[in-house]
Amino acid sequence: MYRKYVKRLIDFTAAFFGLLILSPLFAVVTVALYIANSGHPFFTQTRPGKHTKPFKVIKFKTMNDRRDASGHLLPDALRLTPVGKFIRKTSLDEIPQLINVLKGDMSLIGPRPLLMEYLPLYSKEQARRHEVRPGITGWAQVNGRNAISWEQKFEYDVWYVDHCAFITDLKILLMTIEKVFKSEGINQVGQATAEKFMGSRSETTDQIH
């Protein structure tokens with residue numbers, strides 16, 4: 001009942017009022033990034049949603065498009081702008097995804113939507129993360145975010161799929177607020193954001209309790 005009907009109703013209502021309340025902040029960040037990124041405040045990219053259905057995720061753009069002499073994008077650390085670094089640290093870059101929640105592409109709580117190129121790299125168990133809508137925040141985000149390994153993230157994602165309930169979502173929401181204020185787990189060690197997922201050696205994952 002909750003997973004099929006109530007969760008979507010809560011998502012839509014919270015996203016609608018969230019965008020209304022945050023609209024002044026939304027406008028300020030948009031202008032700041034418009035200036036910092038030469039007229040490009042938003043970042044959109046195709047990501048897999050529920051049952052791997054593609055959708056365009058919307059985020060504030062925290063990195064510029066600087067390239068090397070060969071035309072390749074520079075490493076994340078060199079493209080992360082000062083204003084973008086602050087916006088990532090405070091998780092303000094996630095605000096535009098409320099639009100994705102309104103559209104039904106995403107949920108407030110669920111596994112993070114990752115890259116389309118990762119789909120063939122998942123084990124059968126890891127692929128179960130797509131049984132639910134992806135979320136702005138999730139069980140993996142409040143248990144380490146980018147500071148944990150990909151395998152750990154996917155274990156947490158699958159755990160959430162099996163334990164999706166109102167009390168679980170409420171717990172994750174409250175933990176997310178705490179994590180935002182503490183600015184924990186934003187980067188992997190030695191990385192400006194997170195290294196790419198290259199596939200797992202194991203075809204199974206252990207369940208997290």
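**Close-up views of salt bridges, cores and a pocket**

Glu-131 is partly exposed, with 31% relative accessible area (buried means under 20%, exposed over 50% and partly exposed in between, for a 1.4 Å probe and protein chains only). The model is a predicted one, in which local features need pLDDT of at least 70 and side-chain atom pairs count only at pLDDT 80 or more, while totals for chains, interfaces and linings use all residues. Residues are numbered from 1 along each chain as its sequence is written, and side-chain values use heavy atoms, with hydrogens and water left out.

**View A. Salt bridges of Arg-128.** Arg-128 forms a salt bridge with Glu-131, with the closest N and O atoms 2.9 Å apart (a salt bridge is a side-chain nitrogen of Lys or Arg within 4 Å of a carboxyl oxygen of Asp or Glu). Arg-128 itself is partly exposed, at 22% relative accessibility. Its side chain also meets that of Asp-162 in a salt bridge of 2.7 Å, N to O. Because Asp-162 lies in helix α5 and Arg-128 in the loop between β3 and β4 (135-137), this pair ties together parts 34 residues apart in sequence (helices, H or I of at least four residues, and strands, E of at least two, are DSSP runs numbered from the N terminus).

**View B. The salt bridge of Asp-65 and Lys-61.** The closest N and O atoms of this pair are 2.6 Å apart. Asp-65 is partly exposed at 44% relative accessibility, whereas Lys-61 is buried at 10%. The whole structure holds 12 salt bridges.

**View C. The largest nonpolar core.** Among the 29 residues of this core, Leu-98, Trp-139 and Tyr-160 touch the most other members (a nonpolar core is a set of buried Ala, Val, Leu, Ile, Met, Phe, Trp, Tyr and Cys residues joined through side-chain atoms within 4.5 Å). Helix α1 gives the most to the core, with six residues. Leaving aside residues up to four places away in sequence, Trp-139 touches Tyr-156, Trp-159, Tyr-160, Lys-171, Ile-172 and Met-175 (contact means heavy atoms within 4.5 Å). A second, separate core of seven residues includes Leu-114, Tyr-122, Trp-150 and Phe-154.

**View D. The second largest pocket.** Its volume is about 180 Å³ (the space filled by probe spheres set on grid points joined across faces, edges and corners). On a 1 Å grid over the protein atoms alone, with a 1.4 Å probe, a pocket is an open set of points with protein on both sides within 12 Å along at least five of seven lines, and lining residues have an atom within 4 Å of a point. The lining includes Lys-50, His-51, Phe-55, Asp-105 and Arg-133.
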